[in-house]
Amino acid sequence: GQRLTGRFVVSSRHRLSFEVAGADSRAPLVIDPVVVYATLAGGDDADQATGIAIDSAGNAYVSGITASSNFPTRAALQGPRAGISKSTNSGTLWTSSSSGLASVQVQAMVIDPTGNLYAATFAGVYKSANAGASWTAANSGLPSYYVNTLAIDPQNPTTIYAGTLSATGGGIYKSTNSGATWALLSFAGADILSILVHPTIPGLLLAGVGPLPPFQYTGLLYRSGDGGANWTALTAVPGPVNAIVADSQTPPAIYAGTTGATPAIYKSTDAGVSWPVVDRTSVLAMAVDPKTPSTIFAASIGILRSTDSGATWQSVQGGCYLTRALAIDPVTTSNIYAACSSGVLTSTDGGNTWTLASGGLNSINVYSVLVDPRNPSTVYAGQRTLMKAFAAKYDPNGNLLYATYLGGSSSDAATGIS
């Protein structure tokens, strides 16, 4: 056969084609270009290249969009915008509080009575002993690094439970030494969506558990009366069970909120044995007023409030597309915070009116919110990344010379480069 000269050509519409000089259209043509380099560019979430350009020296410039928190960067103008933000003025202004976090994908946060903070991230559990100024990994014995939820035992605050996701192992892990070490407690291989350690009934745990192998159902609520040694499936509460909260009334009531095919709010007044439905609505988050326990909030698309212990519910906020977490100031309980898909919503009148308070947030994609009970004007917001633009440069051999995230606290996209 005859060897011909060919080259790649970029058209005026930015389409890549191959041009061959002297080809005989009557004869078969085999194009076998030499691959100079090939590389994978991406991270822990969705990534997409949207444009490419080549300069006269053979350097390649690539643009695109990424939702990854660890997209490979070099000499970056920006990093991923998420992690933890802190406010010391009740949400009026936020500043970044993410130093030391290996992942800026933050799912949940808790605080113990001495002020130790714990964050559930996609790189495990992180702990701060200095009000969020710095964070260190607390992952010994925790192989499942996608941590979804955390719960502290109110009667023994050195005991912490971590609910993990099946993508990296799954199950509930338990630490009895303030996060220094962890051991698998139960539900290996399952997504753990929520955990409640009952504040007044010793040994009572409830957990929203996703499908267990062989994944034949959508998950259930589980109950343990012995600190997690043994569990009973509560088939009356089908999952996903996203939120479980308890009040301080006598007898104490427990509420569970679900989504799925038959979403509902359930209530138990017998320590989690029976669960009648009190409302049919989708729920991602719940909170009970610590001073007026007959007042409960439930949230998903908008926020609902009950002032009669769950007997009736009214919509009090519908401006946020998706609310994922709620927190109530334990001192001034009329101050309420909602973590939603457009930032942090605040209410100073018990949920009657709401204001978006997102100035200075790393990302408006807020997944968790936490009030420091010792100093309630201090509030923390845990965020995950939104889709961001990126730009990267590769030399003729495929070595990464430069790559950066581009954009602000909301979603951004790069659609081409030249």
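Predicted model: local features only at pLDDT ≥ 70, side-chain atom pairs only at ≥ 80, totals over all residues.
Residues are numbered from 1 along each chain as its sequence is written, and side-chain values use heavy atoms, with hydrogens and water left out.

The protein contains zero helices and 34 strands, where helices (H or I, at least four residues) and strands (E, at least two) are DSSP runs numbered from the N terminus. Its C-alpha trace spans about 90 × 45 × 40 Å along the principal axes. Of its 418 residues, 50% count as buried, a class that means under 20% relative accessible area, with exposed meaning over 50% and partly exposed lying in between (1.4 Å probe, protein chains only).

The largest pocket has a volume of about 1800 Å³. A pocket is here an open set of points on a 1 Å grid over the protein atoms alone, where a 1.4 Å probe fits, with protein on both sides within 12 Å along at least five of seven lines, and lining residues have an atom within 4 Å of a point. Grid points are joined across faces, edges and corners, and a volume is the space filled by probe spheres set on the points. The lining of the largest pocket comprises 49 residues, of which Met-109, Val-110, Val-245, Met-286 and Leu-326 lie nearest its centre. Several strands each supply at least two residues of this lining, among them E7 (106–111), E19 (241–246), E23 (285–288) and E27 (323–328). By class, the lining has 36 nonpolar, eight polar and five charged residues, with Ala, Val, Leu, Ile, Met, Phe, Trp, Tyr, Cys and Pro counted as nonpolar, Asp, Glu, Lys and Arg as charged, and the others, Gly among them, as polar.

The second largest pocket, with a volume of about 780 Å³, is lined by 29 residues, and Leu-16, Tyr-37, Ile-52, Ile-54 and Ala-60 lie nearest its centre. Two or more lining residues come from each of strands E1 (6–10), E3 (47–54), E4 (60–66) and E33 (388–394), and E3 gives the most, with six residues. This lining divides into 23 nonpolar, five polar and one charged residue.

Leu-16, named above for the second largest pocket, also belongs to a nonpolar surface patch that includes Phe-8, Val-10, Phe-18, Leu-29 and Ile-31 and has about 600 Å² of accessible area together. Such patches are made of residues with over 30% relative accessible area and no salt bridge, nonpolar side chains (Val, Leu, Ile, Met, Phe, Trp, Tyr) being joined within 5 Å, and the areas come from the Shrake-Rupley method with a 1.4 Å probe. Strands E1 and E2 (16–20) each supply at least two residues of the patch. Leu-29, in the loop between E2 and E3, counts as partly exposed because its relative accessibility is 49%.

The structure holds one salt bridge, defined as a side-chain nitrogen of Lys or Arg within 4 Å of a carboxyl oxygen of Asp or Glu. It joins the side chains of Arg-374 and Asp-372 (3.4 Å, N to O), and Asp-372 is buried, with a relative accessible area of 5%. Thr-164, in strand E12 (residues 160–164), is likewise buried, at 0%.

Key: Patch = residues over 30% accessible without salt bridge, like charges linked within 9 Å, V, L, I, M, F, W, Y side chains within 5 Å.
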